[in-house]
Amino acid sequence: SDHMENIYGYLMKYTNLVTGWQYRFFVLNNDAGLLEYFVNEQSRHLKPRGTLQLAGAVISPSDEDSHTFTVNAASGEQYKLRATDAKERQHWVSRLQICTQHHTEAIGKNNPPLKSRSFSLASQGSANSPGVQRRPSQNAVSFFNVGHHRLPTGKRVPIMQPDHLVDVREMMSQAEGQQRDLIRSIECLPVSGHLTSLDQDLLMLKATSMATMNCLNDCFHILQLQHASQQKGSLPAGTTISWLEPKISLANHFKNGAAQNFPAEINKPASVREEQSIAEPCQLTREPEEINPDEEVEDICDDKEDDLGAVEEQRSVILHLLSQLKLGMDLTRVVLPTFILEKRSLLEMYADFMSHPDLFIAITNGTTPEERMIRFVEYYLTSFHEGRKGAIAKKPYNPIIGETFHCSWRMPKSHVATDAGTNSSAHSPSEQVPLPKDTEGQAELDYYTVKFVAEQVSHHPPVSGFYAECVERKMCVNAHVWTKSKFLGMSIGVTMVGEGVLHLLEHGEEYTFSLPCAYARSILTVPWVELGGKVNINCAKTGYSASINFHTKPFYGGKLHRVTGEVKQNMMNTVVCKVQGEWNSVLEFTYSNGETKYVDLTKLSVTRKRVRPLEKQGPFESRRLWQHVTESLRDGDIDKATEHKRALEERQRNEERLRAETETPWCTKYFLKDGDGWVYHKPLWKTGSATQTQQTDSN
């Protein structure tokens, strides 16, 4: 190929947390299929500082920015690289991908498939390896010798026959039993003395063995799906592939690093059996359900997340978890221990960002485009404080695909800012904003209603869609968020990939916005949350925009939770408002006329959301779906909470596996795919215009 050329040049390479990014001279050797790097160009004639085999590698442009990309070798080694600009990154990525494809295909052509090879995973060990030092009954050779029968020459057969998959499945079951015995043996060791169950090497051994079995299970499932797809094209219609369902079920792995008992079905709590027996979601009604706000009642749930005791008690679990992680590792598929969970779903957390509906509704009451943009920025910055529950960094439940959450808020009209001179809520700050006792029986004209719905529309990647509207004020917001978690050493970073759009139909304006990253710091001591990153808010029609920076605390000095921002009129390039302060404390707004306003978030009024009672909720609504996990966490019964959580996750995996094998696509309930995003099925900008058209026709 004309593109198979050797290229070279300087790229930045990420080394570690201490040294960070460093310039290195890279050479792509197409003939050998190697990516080599040197300290500089002058040392190119010397031995390379590092070399990656590109055969079987994966070249991935990063979605963090337009300059970064990664080279993931088949050996597991990874280079994180950064070019000077997007054009140079594309040049390197395209050449690396071409070279990788060429050498990967060459290996496939030059090497026969594994149909006549015999190998033993334990035969490569040295005399000093742990495998040789085991007792004969524990030797890995007894269950890791994988011998493939020699086949008659000249006969073409499938690479992997069904009986071979059965053999592999049985071997994996034996290996899993051995691994379970290993875990139990380690945990039976004393907690003090020369060799303890908390020994760092033993914790690493537990993590490695567990990760190995998880990887083998994933690979085995891929082989099943691959063979099933091959058989579909070669077998007559109606043929049943009976070997696809395992004869010996692969036990669920230990999620919290401890050996678990697997009682018979009859011994399981009724709630667990119920969680496991809920039918396939697509067999339930997937038609959108109209929630009547009159059925919702004011939420009395008040789960504060201030308990720090569990963190100290579960220190060995945290160490065990950290032993499984690598720097930069994606945590999407990592099962975190139950004790770090909040008592709410991620979908409900998004709803709690709407806990100041008076500020939300007041946006459209602004008399000028400038005031409306400033009001939106004020609402945006005040939403994060209530979205977090307590000072400790805990994680909400990962929503199950198809999970939904519904709620609403009722806000007396007298509590919403209207005139241009009011830049915040008209009512005085208080802990809660209760409605008058007789509000329930009054006409709707006395209060505004804000309705909210969220749905988990995808599992891999994990994507949530949420939508809120106030019909009376002709305004709504639609957003989709893909949460990407990464391990950063002693902290965890969560990137919120996605976009939201606020529609003010009375003014014909749309405000696009993004969300900041979140970080859980000091995960080995007392974890806490901070926000970081730059977000932008834009209104194309009016030409106003806002740029907001969430500052992470520097290593030395500096303030926590600091935020700065400014609102600009783009056509005039004029700053009309500046904001600074802390997103969970006090914010200072300075306007172009010299006026200054302070917003104390700790005293800002909070409106309780309204939700339907559990008995009226559907089986996939968040609170009913997670009710047994939540109740167990409230009672402090971590083991019971883990059991309920595992039952939900296992059911989701089984359903996902069934959909993959039957090639059945997932059908969402409230949100529709729209390009790269998700849109509510009945947004106000469509239903509102339709209503206006009907009124015009009737007149």
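Where helix α13 meets helix α14, the residues H628, V629, S632 and L633 of α13 touch I638, K640, A641, H644, K645 and L648 of α14, contact being taken as heavy atoms within 4.5 Å. By class, this contact holds five nonpolar, three polar and two charged residues. The model is a predicted one, in which local features need pLDDT of at least 70 and side-chain atom pairs count only at pLDDT 80 or more, while totals for chains, interfaces and linings use all residues. Residues are numbered from 1 along each chain as its sequence is written, and side-chain values use heavy atoms, with hydrogens and water left out.

The two helices, α13 (residues 627-634) and α14 (residues 638-662), pack at an angle of about 165° with their axes 8 Å apart, and they are therefore roughly antiparallel to each other, a term for angles over 145 degrees. Just after α13, G636 takes a positive phi of about 75°. Six of the eight residues of α13 are buried, that is, under 20% relative accessible area with a 1.4 Å probe and protein chains only; these are Q627, H628, V629, T630, S632 and L633.

Strand β3 (residues 34-38) runs antiparallel to β4 and is joined to it by four bridges, and E36 stands opposite T51 in β4.

Methods:
Buried means under 20% relative accessible area, exposed over 50%, partly exposed in between (1.4 Å probe, protein chains only). Axes are lines fitted to C-alpha atoms, for helices over the stretch in contact, and angles run from 0 to 180 degrees between N-to-C directions. Angles under 35 degrees count as roughly parallel, over 145 as roughly antiparallel, 65 to 115 as roughly perpendicular and the rest as oblique. Ala, Val, Leu, Ile, Met, Phe, Trp, Tyr, Cys and Pro count as nonpolar, Asp, Glu, Lys and Arg as charged, and the others, Gly among them, as polar. Two strands pair if DSSP finds at least two bridges between them.
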